[in-house]
Amino acid sequence: NIHQADLVGPRFIKRDGKFYSFNVIDLFSHQVYIESQRTKEDRQIASSLLRCWKAIGLPDFLQFDNELSFRGSNRYPRSPGLVIRLCLYFDVQPVFIPISEPWRNGTIEKFNDTYNKKFFRRQWFPSYSNLKRQSKNFQRFHNKHHRYSYLKGKTPIEVIRNNGFKPVRIGGNAKLPDLQTVPEGNIILIRFIRSDRMLDIFGEKFKVSKNLIYSYVKAVIVTKIGLLQLYLGDDLFDTINYPLTA
């Protein structure tokens, strides 16, 4: 149960300023959720994510690129941002793809292209509020009518119904929790180790074994015990002490 998420923008509405589109896709059904928002601040993204989970349910894993709004602060790399904390609070494992490899989030990137070509570039929006309403119409149209060859010609809604898929949704009245501390859970980063042997964890660099050169590793931050685990394939290769800060 994996979702991919991404930000499109900034885009501009004539005489009504800029906006971003926070797009989420479920890899199983290709059902999408679209949330237009004025900024890419982490609190705005967290609020959009909360509404997404009320609508299409919670994933086990939520995959992001390395956009600062998703991960937190360059100044305090060991203090996970609000979006990460929200994921952990609801037992969702955030996964960060390799740096500068957007194709690793290929499904949502492809939908972003569909969003641009079939929605944003095809209509004139007199205002941001109009765009926000129309984006929800596009979301509903896509989920009900867009047929994917990957899904053997079925639409996302058909896949959900045919498989009896019942997502776990959070309550409609749920609000952003108080996340002053980092909840327990795992934060996953996929990283490619180059010849300099440097592992980049949210801007903080660690020198790793030469045996990892030219390999992809899975780095797992275990928040409960403040440990960074390095996996090569399915095998635990190394551990690094990694205490977190609030």
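Helix H4 passes helix H5 in a right-handed crossing. The axes of H4 and H5 come within 11 Å of each other and cross at roughly 115°. The model is predicted.

**The contact of H4 with H5**
- On the H4 side, the contact is made by Phe-111, Thr-114, Tyr-115, Lys-118, Phe-119 and Phe-120.
- On the H5 side, Leu-131, Gln-134, Ser-135, Phe-138 and His-142 take part.
- By type, the residues of this contact divide into six nonpolar, four polar and one charged.

**Helix H5**
- Helix H5 covers residues 128-145, which is 18 residues.
- At 1.5 Å a residue, H5 should span 26 Å, and its end C-alpha atoms are 25 Å apart, so the two values agree.
- The buried residues of H5 are Tyr-128, Asn-130, Leu-131, Ser-135, Phe-138, Gln-139, His-142 and Asn-143.
- The cover over these buried residues includes strands S1 (2-13), S2 (17-26) and S3 (32-37), together with helices H4 (106-120) and H6 (156-162).
- An α-helix has 3.6 residues a turn, so residues three or four places apart point the same way.

**Ser-135**
- Ser-135 has a relative accessible area of 1%, and buried means under 20%, so Ser-135 is buried.
- Leaving aside neighbours within four places in sequence, Ser-135 is in contact with Ile-34, Ser-36 and Phe-119.
- The side chain of Ser-135 reaches the backbone oxygen of Lys-132 at 2.7 Å.
- Tyr-242 is 107 residues from Ser-135 along the chain, and the C-alpha atoms of the two are separated by 42 Å.

Technical notes
Residues numbered from 1 in each chain as written. Predicted model: local features only at pLDDT ≥ 70, side-chain atom pairs only at ≥ 80, totals over all residues. Heavy atoms only, no water. Helix = DSSP H or I, 4+ residues; strand = E, 2+ residues; numbered from the N terminus. Expected span 1.5 Å × (residues − 1). Buried < 20%, exposed > 50% of the residue type's maximum accessible area, 1.4 Å probe, protein only. Contact = heavy atoms within 4.5 Å. Polar contact = N/O pair within 3.5 Å; in protein donor to acceptor, adjacent residues only side chain to side chain. Axes fitted to C-alpha atoms, helices over the stretch in contact; angles between N-to-C directions. Left-handed = near helix turned anticlockwise from the far one by under 90°. Nonpolar A, V, L, I, M, F, W, Y, C, P; charged D, E, K, R; others polar.
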